[in-house]
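Morning, everyone. Let me put the model on the screen, and then we go through rings, the sheet and the helices.

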Amino acid sequence: MCHRLLHSVKNTHRPVKRHDTGGSCAESIDFQYKEEDQYIPIIEINSVCSMAASDSFREKQGCRSSSNMASPSELKLGQKLNEGKTKQIFELADEPGYVLVQSKDQITAGNAARKDQMEGKAAIANRTTSCVFKLLQEAGIKTAFVRQQSEKAFVAAHCEMIPIEWVCRRVATGSFLKRNPGVKEGYRFSPLKMEMFFKDDANNDPQWSEEQLLETKLSLAGLTIGRCEVDIMNRSTVAIFEVLERAWATQNCTLVDMKIEFGVNVSTKEIVLADVIDNDSWRLWPAGDRSQQKDKQVYRDLKEVTPEAMQMVKRNFEWVSESVKRLLEPQASGRVVVLMGSISDTAHCEKIRKACGSYGIPCDLRVTSAHKGPDETVRIKAEYEGDGVPTVFVAVAGRSNGLGPVMSGNTVYPVINCPPITPNWGAQDIWSSLRMPSGLGCSTVLSPEAAAQFAAQIFGLSDHLVWSKLRASMLNTWVSLKQADKKLQACSL
């Protein structure tokens, strides 16, 4: 995702090396020895046969590619932009502004102080990364990922990488305990603990503060990394962790910590999540039990690397690769049913349906009047209660709202009032939605979009995919405000 920083960093306090993120910098300091520079032989590739168009391949991988999947059966590669411990990055001659990220079968730890070949790792890592980025993109997180191109490679937007690893921790373990003596393993961080590490192999990827990053005044792809950009990366890291944490919780697996990297898209000049997120990037403890850990820490902890030990490590990676596919599956299906008192309210209701669609929630529109046809209203209610699908009813009725109260008094499903207020009588009509008889619990939301969001929040309690869209929307709203403030301040100056 993009080539590493290929020019010198202005005003930096330490030299920047071109390197990869094969091992977590947060954990590399657990090893007090460094690898001597040496050449890692690779097989040069001139083209990659795309399997993107094959439905059987996508089904086998369990992670369907984006709709903009390239149709040509072969990609023409340009120059190699970078090579690290676990991947190679190539320009795409026929797709300016994009690169091919090709994984390798090498596994490393301690900044490659330990390294071994693990046959099949490239394909496993590529599947994992592709599914994770698909999950994040469908939620609404901006990433450099474009599509899975082949078994071992994916296409990404060309970025200049910011030489910082952002580490987010929910549970204290590993190198954090060594750097913070007195903290017991298992200490739970609420809110999440954020750390950053400057990517510098020669100095064991030292931990940095925000002040150090700001004073360095990094400039990448024409964007200077200042307070706004640091805050965006900080806030985005937390949101990304929380989305993946909630997703892994559906598999009864604890996301203990993880590291991610950001890049500046050379075309759009915006900061996006880049690099890879695979089993090298996190700690995963099934049932919250460290003894069952499935991540690369198993490899780090090996006292001796034997064929049997490497098979165990590979099985763990395969388990993660298979499990991550299930993160794309909704845990519970649900729907919103909008009941309108008159067909004249259709435009108002269509706004609700469109907003529900943005959260991936099906929405039915029905016409019924609790005043003029109460028996039909109750019959429609029973129709939706009878199939067992979790349902949120939205009552849209102007003038005297009878729909909401009648529905709320006859169902245990949530009911939301969303009356189409008119300028003439709105101030009087609204009270029929606000003042409920005792024993009724329907809420009132005036905005159609907000009514859909409220319904999504209800479904998000049991569906991590809906929850992730809500979380990403909250992040994107915050980022847009941050960027607007930056532009305003620049104009004021």
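First, the ring criterion: rings of Phe, Tyr and Trp (its six-membered ring) pair if their centres lie within 6.5 Å, and planes under 30 degrees apart count as stacked, over 60 as edge-to-face and the rest as tilted. A search of the whole structure on that basis finds ten aromatic pairs. Take Y384 and F393: ring centres 6.4 Å apart, planes at 80 degrees, so this pair is edge-to-face.

Some ground rules. This is a predicted model, where local features need pLDDT of at least 70 and side-chain atom pairs count only at pLDDT 80 or more, while totals for chains, interfaces and linings use all residues. Residues are numbered from 1 along each chain as its sequence is written, and side-chain values use heavy atoms, with hydrogens and water left out.

Are Y384 and F393 buried or exposed? Buried means under 20% relative accessible area, exposed over 50%, partly exposed in between (1.4 Å probe, protein chains only). Y384 is at 6%, so it counts as buried. F393 is buried too, at 1%.

Elsewhere, ring pairs join F133, F145 and F154 into a cluster.

Next, charges over rings. The test is NZ of Lys or CZ of Arg within 6 Å of the ring centre and within 35 degrees of the ring normal. R114 lies over the face of Y299, 5.6 Å from the ring centre. K294 has its charged end over the ring of W319, at 5.4 Å from the centre.

Now the sheet. Helices (H or I, at least four residues) and strands (E, at least two) are DSSP runs, numbered from the N terminus. Two strands pair if DSSP finds at least two bridges between them. Here we have an open sheet of five strands, order 19-18-20-21-22, with parallel pairing. Strand 19 (363-367) and strand 22 (443-444) are at the edges with a single partner strand each, so one side of each has no neighbour in the sheet. Strands 21 and 22 pair over two bridges. I416 stands opposite S443 in strand 22.

What does helix 11 touch on the sheet? Contact means heavy atoms within 4.5 Å. Axes are lines fitted to C-alpha atoms, for helices over the stretch in contact, with angles from 0 to 180 degrees between N-to-C directions. Helix 11 touches strand 18, strand 20 and strand 21, and its direction makes about 170 degrees with that of strand 21. In helix 11 (residues 403-410), the buried residues are L403, G404, P405, M407 and S408.
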